[in-house]
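Have a look at the model first, then try each one before reading on.

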Amino acid sequence: MKLVRKMFKNEEGATAIEYGLIAALIAVAAIVAMGSLGNTLSNTFGEVDSSMQGS
């Protein structure tokens with residue numbers, strides 16, 4: 001029973017897990033932002049390409 005109490009009192013791993021979750025959320029946000037930026041850049045370069053093909 002003391003082992004179970006000791007495990008619940010130990011909070012050292014909790015901060016590591018929290019930092020891991022924060023890093024994962026930042027990574028997901030960066031991936032979403034880069035995907036959106038990539039689509040915008042692709043459309044822009046497509047328009048430039050079609051403009052250059054027309055002239």
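**Exercise 1.** Which backbone oxygen lies 2.9 Å from a polar atom of the side chain of Ser-50?

*Solution.* Start with the ground rules: this is a predicted model, where local features need pLDDT of at least 70, side-chain atom pairs count only at pLDDT 80 or more, and totals for chains, interfaces and linings use all residues. Residues are numbered from 1 along each chain as its sequence is written, and side-chain values use heavy atoms, leaving out hydrogens and water. Next, find Ser-50 in helix α2. The oxygen you want belongs to the backbone of Glu-47.

**Exercise 2.** Why does Ser-50 count as partly exposed?

*Solution.* Take the cut-offs: buried is under 20% relative accessible area, exposed is over 50%, and partly exposed is in between (1.4 Å probe, protein chains only). Ser-50 counts as partly exposed because its relative accessibility is 44%.

**Exercise 3.** Is Tyr-19 buried or exposed?

*Solution.* First place Tyr-19: it sits in helix α2, residues 12-54. Then check its relative accessibility, which is 61%, so Tyr-19 counts as exposed. Finally, zoom out to the chain: buried residues make up 0% of its 55 residues.

How values were computed
Helix = DSSP H or I, 4+ residues; strand = E, 2+ residues; numbered from the N terminus. Polar contact = N/O pair within 3.5 Å; in protein donor to acceptor, adjacent residues only side chain to side chain.
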